[in-house]
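Thanks for making time this morning.

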Amino acid sequence: MTAAYYLLPILFTCFGMLLFFSKHPLYDDFVTGAREGIESAVKLIPTLILLLCTVSFFGASGASEWLTSLLAPLCEQIGLPSELLPLLILRPLSGSAANALAADLFESAGPDSFIGQTASVIMGSSDTLLYIAAVYFGAVGIKKSRHALPVAFAVMLFCIFFSCLLCRVML
Amino acid sequence: MLSRIIGVICVLSMLFTFLTGGGAAASEAILTGAERAVSIVLTLAPAMALWCGIMQVFRRVGLLEYLSRLLSPLITLCFPTAAKTGVGREELTACITANLLGIGNAATPLAIQAMKAMKSAHPDTDTASDDMITLVVLNTSSFSIMPTTVIALRSACNSADPFSILLPVWCASLVCSVMAVTLCRLCAPLTRKRDIP
C-alpha cells in the first residue's frame, strides 16, 4: 500500500525526463502554467475570506453543540452513534475542524473501534462541500450554481449514512 | 445559493453567540477565519503552481490527449457536453486521473483548470453549466483511491491497522460517485435555462 506514496516522485521524474529529452520549449511551458496557477490561487483569497470567516463564526458560536443535542435522539434511533454528530455537522463546512474532530474521536474511542472506523470512512469518502463549491465556482466567477449545492448535500447525506451502514456490515 | 447559505449560517451563529454570551470569542473567530483564508491560499499556491505547470508540459507533449482518449468512456458518461465539444475534456481527464491516483493536492488545482476551460466556452455568463456542477458534486463526494489524510491520522493515533478502512471507503466512494453523476444528470434538465447548453 505504501507504493501509492511513490506515485508523485515517479510522476515528477517522468516530467524531468520529458524536460531533458523533448525538443519542445517545455521549460517555458512549465513557467507559464505555474504562473497561471499562482494567479488563480491569489484570486481565490476574497472568496475564501468570506467563507472561512462565516465558518469559524459558526464554530465559535456554539450552534454546532446545539444541533448535536437536537439531533442526538434521532441518530440513536437509526443506530448512528451520537458521538459522530459533531463530525457530520462540520464535515461539509470546514476541513480542518473535521480533521480535529476525527483526531479527537480516535483519541477517545480508539481508531479501531466502530466509532473510529465509521469516522474514518466518513472522512475518506466525503469532502469539504462548501469549500469546494466556493473555490471551484469562485475561481471562474460563477454566481448561479443551479442544482449544485442541493445535489451535493443530498449526495453527502446519503454518503454518510451509507458509510455507517457499510461499517456495520463490513467491519 | 452560496450567499444564502452564508447568510443563514451567520444569523444562526449570531443567535447562539447572544444566547451563550460568547461575543468576544466570536469576534476573535471571525478575524481568525480571515487569517486562515490567507494561510490556506499560501499552502494551496505552491501546489497550484506545480500542478498547473506540470499539466501545461503534459499537454504539450500530447500525454493529456492520450489519457483523455483512454478515459473517454468515463468522460462521456459524466461530462456529456465536454465530451461532445472537446472543450475542457483534457483538463477533466487530468483532474479525474489525479483523483483516481490519489494525488491529493493536485485535485484542487486541476479541477480549477478544468472549471476555467469549461467556462471559456461561455465567458459571459455567471450561471454554472451542467458539467461544472457534475465536477463540483463529484469532488465533494471525493473518489480518491488513497485517502491519505485519514490514514495518516489513523497511524498517528496508533491504529492497529490504519489501512483497514480502505475497502469500505472504496465502496462508499464508488456508490456515492455513481449517485452524484446520476443525480446531477437527472437534475440538470430541471434547472436548465435557455442560454445554457
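How many salt bridges does the rule find across the interface of chain B and chain A? The rule, which asks for a side-chain nitrogen of Lys or Arg within 4 Å of a carboxyl oxygen of Asp or Glu, finds 4 of them across that interface. One pairs A:D112 with B:R154, where the closest N and O atoms are 3.2 Å apart.

Before going further, some bookkeeping: this is a predicted model, in which local features need pLDDT of at least 70 and side-chain atom pairs count only at pLDDT 80 or more, while totals for chains, interfaces and linings use all residues. Residues are numbered from 1 along each chain as its sequence is written, chains are lettered from A and ligands numbered from 1 in the order in which they are written, and side-chain values use heavy atoms, with hydrogens and water left out.

Staying with the interface, there are 21 residue pairs in polar contact between chain B and chain A, both residues being at pLDDT 80 or more; a polar contact is a pair of N or O atoms within 3.5 Å, where within protein one must be able to donate a hydrogen and the other to accept it, and residues adjacent in sequence count only if both atoms are side-chain atoms. Helix 2 of chain B gives the most, with 24 residues.

In total, the contact (heavy atoms within 4.5 Å) takes 96 residues from chain B and 91 residues from chain A. The two chains bury about 8,300 Å² between them, 78% of it on carbon and sulfur atoms, where buried area is the accessible area, with a 1.4 Å probe, that two parts lose on being put together, summed over both.

Turning to chain B as a whole, we have 10 helices and 0 strands, and a C-alpha trace spanning about 60 × 50 × 35 Å along its principal axes. Of its 197 residues, 52% are buried, meaning under 20% relative accessible area, with exposed being over 50% and partly exposed in between, again with a 1.4 Å probe and protein chains only.

Helix 8 of chain B is largely enclosed by the rest of the structure, because 11 of its 11 residues are buried, including B:D130, B:D131 and B:N139. In chain A, helix 8 (residues 129-139) is mostly covered, with 9 of its 11 residues buried, and just after that helix A:G141 takes a positive phi of about 65°.

Finally, two single positions. B:P109, which lies in helix 7 of chain B, is buried, with a relative accessible area of 0%, and, not counting residues up to four places away in sequence, B:P109 touches B:A47, B:M48, B:W51 and B:C52. A:S94 sits in the loop between helix 5 and helix 6 of chain A and is buried, with a relative accessible area of 7%; its side chain reaches the backbone nitrogen of A:A97 at 3.1 Å, and, leaving aside neighbours within four places in sequence, A:S94 is in contact with A:V55 and A:T128.

Terms used
Helix = DSSP H or I, 4+ residues; strand = E, 2+ residues; numbered from the N terminus.
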